[in-house]
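Grab your viewer and work through the exercises below. Each one has a task, then a solution that goes step by step.

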Amino acid sequence: MSYPRGVSDIQPGLVPVPPEGGRDDDFPTPAPLNGHGPARIIAMCNQKGGVGKTTTVINLAASLAEYGRRVLVIDFDPQGAASAGLGINSQDLDLTIYNLLLNPKLSIRDTIQETKIANLDLVPANIDLSAAEVQLVNEVAREQALTRVLRPIIDEYDVILIDCQPSLGLLTVNALTAAHGVMIPLEAEFFALRGVALLVDTIDMVHDRLNPRLKIDGILATMVDARTLHAREVLERLEQAFGDKVYDTKISRTVKFPDASVATEPITSYAPTHPGAHAYRRLAREVIARGDAA
């Protein structure tokens, strides 16, 4: 698994951008499951902030849950945005992912919070998690702390989504070590491309040294404005560099996403008929069709 050449030096061109969400029949409605587990663990990762990681975790998780998948979101960012976005006030909780990382005697079941969305649970985080990197440094097998935490419940869910912080530090390495795959949300903007090489290098390192099953599931273009030449050029570069690793579904920029965040709901319940909701449902169908979720 190596970084595709040419992301930063491909000459700009022009490609058509598929409409948000595409046709409803592009990916079939997934069949119901006869049972649940074992889970596929997907790390939502990009060291650049503001690219739609948490928005994608919340809305993809809700969409997968709508299709009958049992989903667990791991909030792995000290900002606790995924927790807040799913209506959980993590600041008032005594037990969060931070406590699980540092105390092997605690059970993850003691921290799992049910959300307002059927089939969707959450392990919350708050600012305490910011201290975990320093405290884990001297621990044995420090890169595998999250793997240990998740092991007892992996057979109880179909998908586990990890919302990583915008960093390539020890917490992100923990997420990559625990994961089967990585989804990389990438803003359709030139400077967002420049950090992809460093991220893929980190994924390669974890694959080689810690987690040989790890692979890049896909690159998700977010905040796309299909009216602009710039967005089209960025999408062309992505397609040339990553080929079929780029999800066919594109997520357009819309004020409905921050509106849904303020309402502490996924867009699929806040504005269920909005094109953004349709796009994330389509992404869920695409992820399932690709085999990246059961």
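**Exercise 1: a salt-bridge network**

Task: which residues join Lys215 in a network of salt bridges?

Solution. Arg40, Lys215 and Asp217 are linked in such a network. Keep in mind that you're looking at a predicted model. If you widen the search to the whole structure, it turns up 11 salt bridges.

**Exercise 2: Glu66 and its partner**

Task: find the salt-bridge partner of Glu66 and work out which parts of the chain the pair ties together.

Solution. Step one: the partner is Arg281, with the closest N and O atoms 2.8 Å apart. Glu66 sits in helix H1 (residues 53–66) and Arg281 in helix H12 (residues 275–290), so the bridge ties together parts that are 215 residues apart in sequence. Step three: check the accessibility. Glu66 has 41% relative accessibility, so call it partly exposed. Arg281 has a relative accessible area of 13%, and since buried means under 20%, Arg281 is buried.

**Exercise 3: Arg70 and Asp121**

Task: say where Arg70 and Asp121 lie, and whether each is buried, partly exposed or exposed.

Solution. Start with the contact: their side chains meet in a salt bridge, 3.5 Å from N to O. Arg70 is in the loop between H1 and strand E2 (71–76), while Asp121 is in strand E4 (residues 120–123), so this pair ties together parts 51 residues apart in sequence. Arg70 comes out partly exposed at a relative accessible area of 25%. Asp121, at 9%, is buried.

**Exercise 4: Glu187 and Arg253**

Solution. Glu187 belongs to strand E6 (residues 181–187) and Arg253 to the loop between helix H9 (229–242) and helix H10 (256–262), so to speak distant parts of the chain, 66 residues apart. For Glu187, 13% relative accessibility counts as buried. For Arg253, 52% counts as exposed.

**Exercise 5: two helices crossing**

Task: describe how H6 and H8 cross, and which residues meet there.

Solution. First, geometry: the axes of H6 (residues 170–178) and H8 (residues 196–209) come within 10 Å and cross at roughly 55 degrees. The two helices are therefore oblique to each other, and their crossing is right-handed. Next, the contact: Val173, Leu176 and Thr177 in H6 meet Thr202, Ile203 and Val206 in H8. Sort these residues by type and you get four nonpolar, two polar and no charged.

Technical notes. Residues numbered from 1 in each chain as written. Predicted model: local features only at pLDDT ≥ 70, side-chain atom pairs only at ≥ 80, totals over all residues. Heavy atoms only, no water. Axes fitted to C-alpha atoms, helices over the stretch in contact; angles between N-to-C directions. Helix = DSSP H or I, 4+ residues; strand = E, 2+ residues; numbered from the N terminus. Parallel < 35°, antiparallel > 145°, perpendicular 65-115°, else oblique. Left-handed = near helix turned anticlockwise from the far one by under 90°. Contact = heavy atoms within 4.5 Å. Nonpolar A, V, L, I, M, F, W, Y, C, P; charged D, E, K, R; others polar. Salt bridge = Lys/Arg side-chain N within 4 Å of Asp/Glu carboxyl O. Buried < 20%, exposed > 50% of the residue type's maximum accessible area, 1.4 Å probe, protein only.
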